[in-house]
Amino acid sequence: MDVTLRVKRFDPEAAEPEPYWQDFTVNIEDNGTVLDALIKIREDIDGSFSLRCSCRSSICGSCAMRINGHAGLACKIQAPTAIVNGVITVEPAGNMPVVKDLVVDFDSFWDKIMEIEPYLKPEGPEPEAEYIASNESMLHLSGVTSCIMCGACVSDCTVMEVDPTFLGPAALAKAYRFTADPRDGDENGVSKDRLEELTKPSGMWDCTRCMECVTVCPKGVAPMDRIMALRDQAMAAGFTNTNGARHTEAFSESVEHSGWLDELRLVPKSVGITNLSALAGYAPIAIQALTHGKMPPIIHKKIEKAGNVRKLFDKIEGPKRH
Amino acid sequence: MLEHDVLVIGAGLAGMRAAIAARSGGANTAIISKVHPVRSHSNAAQGGINAALTDRGDDWEEHAYDTVKGSDYLGDQDAIEVMCKAAGQALIDMEHFGVTFNRDDEGKLGTRAFGGQRRARTFFVGDFTGQAMLHVMFEQLIKSGVRRYEEWFVSSLIIEDGQVCGVMALEIRTGQIYAIRAKTVIFCTGGFGRVFEPSTNALICTGDGTALAYNAGAELMDMEMVQYHPTTLAGSGVLISEAARGEGAYLLDKDGNRFMEKYAPNMMELASRDVVSRAEQTEINAGNGVDGCVYLDCRHLGEALIMEKLSQIREIGIDLVGCDMITDTIPIRPGMHYAMGGIRTNIDGQTNLPGVYAAGECACVSVHGGNRLGANSLLDTIVFGERSGNHAAEAARSIDYVEFNVDQAVRNEEKRIQELLDRPQNGDRIAAVRLGMGDTMNRNLAVYRNEEGMQETLADLNELEKRYETVPVDNKGKVFNTDLVFALELGFMLDFATPIAMSALDRKDSRGAQARTDYPDRDDENWMKHLVIKKGEVGPELSYAPVTVTRWTPEERKY
């Protein structure tokens with residue numbers, strides 16, 4: 001079948017290097033992938049067209065790019081299913097500088113992976129044979145170690161788009177792969193040092209839970225879910241003195257007691273009531289809210305059936321917490 | 001000046017293992033790879049890694065016997081003993097590095113059955129064992145502090161007065177040419193699957209190191225032994241793991257019969273790969289297939305098992321042929337998969353060139369002989385990667401850097417590459433020549449071979465080599481010029497395609513992966529020997545080397 005691709009190209013050696021769009025029509029097998037089509041362009045039409053690709057079976061992680069606006073592996077997407085208004089639109093992955101055509105610079109991606117010290121760090125002595133661990137724990141970890149470092153999640157991360165210092169979904173999922181490993185950290189498998197490091201700014205608490213990384217990940221790694229699990233681990237390990245942890249605590253405390261969110265007190269409880277400089281930073285937002293009639297009520301009343309909400313909490317967390 | 005005691009070329013499992021070993025041996029070590037290490041093709045090993053653990057009642061000698069038998073008595077038994085003895089510790093090392101191997105009920109490492117072995121001794125991570133191991137090896141590489149040249153392409157090997165002194169390399173990102181000085185060089189460049197079309201191998205598997213070593217005078221061995229894997233997808237040739245059959249999948253003909261009964265009544269679908277591939281091809285040739293394929297049937301394994309242990313190949317089936325193995329059979333056929341042959345080495349990875357080593361698929365130690373057992377390739381990479389790294393680091397202590405004119409070498413390489421770029425735009429396309437090569441190899445050097453076909457391929461290759469002399473490179477730029485890389489890779493592949501066909505033509509018996517319709521029997525008296533091929537003045541020169549037999553004398557092979 002014939003397919004038309006609209007490809008975003010870039011030649012850094014051109015007289016005036018500017019990205020531009022180019023259309024190509026190629027003939028591929030009926031069940032061919034987007035990658036098959038891109039290879040056809042390169043082999044039969046224009047050898048100067050550059051992209052990374054290798055395994056053709058979603059395991060090497062080379063061919064992540066944006067297809068119709070969302071990151072994915074070109075070798076995993078069947079071309080006929082990707083045709084929108086007659087064309088397949090292909091762009092380089094986002095949040096990384098373009099080197100040439102679909103090739104992006106992964107340096108920042110790997111720098112963040114390096115930041116999390118990406119290797120097992122057991123604190124106790126090594127056993128002579130293998131570590132004894134449950135199959136469940138290994139299967140759980142394999143759900144994360146199946147990450148192929150393709151960069152699709154980083155490409156479409158909405159936080160990294162505005163804050164390049166954010167560790168990002170790939171590095172945080174990689175970090176979770178160690179913190180959740182019973183072999184890493186102390187004798188109970190708790191990786192305290194890692195968790196402490198990850199609670200710092202640009203770490204686990206900076207994710208805004210937009211779900212993009214979960215949606216685009218071609219391997220089902222669900223990075224955002226791992227970030228949420230990191231938060232639970234950090235709080236369980238006692239790292240509660242952070243904006244994120246306090247925010248979580250204040251949020252759930254408010255809902256549990258009154259049945260709904262006390263927005264007015266959420267901010268001071270999250271950043272710390274004595275943290276005047278941080279509180280001052282919220283003043284413009286507060287004034288805007290006030291002038292637009294969006295000021296939350298000063299007296300926060302319980303909803304009518306707040307007791308039922310509390311019962312829900314009891315059911316999930318157990319009554320012993322009172 | 002870039003200079004290293006040990007320079008490893010290729011960053012798959014063998015390369016990274018070698019580099020880590022050399023670094024911990026105190027050597028100034030670097031690793032150079034045309035792709036980022038985690039993009040390497042070790043990723044694609046799905047099923048697992050073999051090891052005989054004594055605390056499971058297994059025994060390395062049983063593993064060695066299965067490997068010898070699997071090799072059709074062409075493997076060197078001293079090398080096989082080394083590998084099988086080392087397997088247990090090598091596996092435990094990987095577990096300690098952090099690989100998330102599946103466990104048994106007691107929390108110890110769990111096993112699955114694999115082809116050609118009488119005991120389940122294949123340790124695994126779902127059906128992505130290679131990827132899981134590769135990423136962990138990269139973690140250890142980072143920890144070790146080895147210098148990494150990522151996305152650098154080695155274009156030449158420099159040898160002065162018989163001693164290796166370094167390599168010339170192209171930094172793909174900038175197009176700059178560099179000389180890197182080295183006391184020792186370890187080739188870990190993987191297989192050469194792309195000489196064939198189709199192949200399960202990734203597009204990067206172009207045997208660059210095989211060609212670099214061969215052109216510098218290294219001996220290649222057993223090049224005719226090319227494994228066709230029994231379960232590859234039609235069209236793309238992508239691999240469906242032997243793990244499927246290890247977990248109990250059937251092979252069916254067009255009428256739903258388990259035809260392996262006829263060929264291997266005891267082991268059935270889990271006979272060794274050469275046996276299963278021949279059975280499939282025989283059935284397909286007899287008209288018992290559909291569109292050149294037979295069927296892999298996993299439906300009776302159940303959704304739970306498939307989701308826990310075979311989920312990635314299930315995805316591949318859905319993505320590439322639209323078949324869900326939970327509910328559908330999958331059309332498969334024998335497809336080019338693995339090179340048993342390669343750069344001839346001893347058990348420490350040394351080649352006949354001083355200072356030059358090889359390990360992993362590009363090497364021929366030989367532990368696989370005529371046919372590799374499934375899950376012995378991952379083992380081969382880490383055992384002989386480590387041994388090569390250890391030996392090279394030790395050897396480098398007593399070697400001085402060989403002086404050579406670096407500026408001149410860079411200028412010469414730049415000129416050579418500029419000439420390639422300056423070719424007129426009127427020859428064949430690179431892809432057309434590559435496809436021509438892949439077609440003729442797959443037509444005449446596949447599961448069944450004969451003299452006439454192989455002569456045809458030799459003539460085809462001769463013609464293709466001439467066409468290659470004029471292929472133009474479209475891209476004239478410096479930055480990420482993959483077109484230039486493809487042109488260089490194609491040249492490499494053509495350098496050793498003829499030696500493959502010549503070796504196959506010379507071997508006048510059927511053994512392991514080589515099944516000749518004109519010489520259908522194994523002939524131990526005349527052909528239980530290695531074929532060695534070396535670049536001579538006028539062309540490839542063939543010679544023979546004895547197979548090392550320690551304790552297992554040849555028997556008839558039945559599964």
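**Note on the predicted two-chain model**

1. Two bridges, given here as 2, join β4(B) to strand β5 (residues 122-123) of chain B, and these strands run antiparallel. Within this pairing, T111(B) has F123(B) of β5(B) as its bridge partner. The structure under discussion is a predicted model.

2. The pairing of β4(B) with β5(B) belongs to an open sheet of 3 strands in chain B, with the order β3-β5-β4 and antiparallel pairing. At the edges lie β3 (49-50) and β4 (111-112) of chain B, each of which pairs on one side only. In general terms, the strands of a sheet pair through backbone hydrogen bonds, in either a parallel or an antiparallel manner.

3. Chain B also holds an open sheet of 4 strands, ordered β11-β14-β13-β12, in which the pairing is antiparallel. The edge positions are taken by β11 (226-233) and β12 (250-252) of chain B, and each of these strands pairs on one side only. On average, and with direction ignored, neighbouring strands of this sheet are turned by 45° against each other.

4. Inside that sheet, strand β13 (residues 294-297) of chain B is joined by 3 bridges to strand β14 (residues 330-339) of chain B, and the two run antiparallel. Y295(B) stands opposite P331(B), a residue of β14(B).

5. Turning to helix packing in chain B, α13(B) packs with helix α14 (residues 451-468) of chain B at an angle of about 170°, and the axes are 9 Å apart. Because angles over 145 degrees count as roughly antiparallel, α13(B) is roughly antiparallel to α14(B).

6. The residues that α13(B) brings to this contact are V433(B), G436(B), M437(B), T440(B), M441(B), R443(B) and N444(B); among those they meet in α14(B) are G453(B), M454(B), E456(B), D460(B), L464(B) and Y468(B). By class, the contact of α13(B) with α14(B) comprises 7 nonpolar, 5 polar and 4 charged residues.

7. In chain A, helix α6 (residues 168-179) packs with helix α9 (residues 223-236) at an angle of about 50°, with the axes 9 Å apart. The two helices α6(A) and α9(A) are therefore oblique to each other. The crossing in which α6(A) passes α9(A) is left-handed.

8. On the α6(A) side, this contact involves P169(A), A170(A), L172(A), A173(A), A175(A), Y176(A) and T179(A). They meet P223(A), M224(A), R226(A), I227(A), A229(A), L230(A) and Q233(A) in α9(A). The residues of the contact of α6(A) with α9(A) divide into 11 nonpolar, 2 polar and 1 charged.

9. The contact between the chains takes 48 residues from chain A and 55 residues from chain B. On the side of chain B that touches chain A, the elements giving two or more residues are α3 (77-97), α4 (129-144), α10 (311-321), α13 (430-444) and α15 (482-506) of chain B. Of these, α4(B) gives the most, with 7 residues. The side of chain B that touches chain A is made up of 22 nonpolar, 18 polar and 15 charged residues.

10. As to confidence, the model scores ipTM 0.96 and pTM 0.95. Chain B has a mean pLDDT of 96, and 100% of its residues reach 70 or more.

Definitions and conventions:
Residues are numbered from 1 along each chain as its sequence is written. Chains are lettered from A and ligands numbered from 1 in the order in which they are written. This is a predicted model: local features need pLDDT of at least 70, side-chain atom pairs count only at pLDDT 80 or more; totals for chains, interfaces and linings use all residues. Two residues are in contact if their C-beta atoms, placed from the backbone, lie within 7 Å. Ala, Val, Leu, Ile, Met, Phe, Trp, Tyr, Cys and Pro count as nonpolar, Asp, Glu, Lys and Arg as charged, and the others, Gly among them, as polar. pLDDT is the predictor's confidence in each residue, from 0 to 100. Two strands pair if DSSP finds at least two bridges between them. Axes are lines fitted to C-alpha atoms, for helices over the stretch in contact, and angles run from 0 to 180 degrees between N-to-C directions. Angles under 35 degrees count as roughly parallel, over 145 as roughly antiparallel, 65 to 115 as roughly perpendicular and the rest as oblique. A crossing is left-handed if the near helix is turned anticlockwise from the far one by less than a right angle, and right-handed if clockwise.
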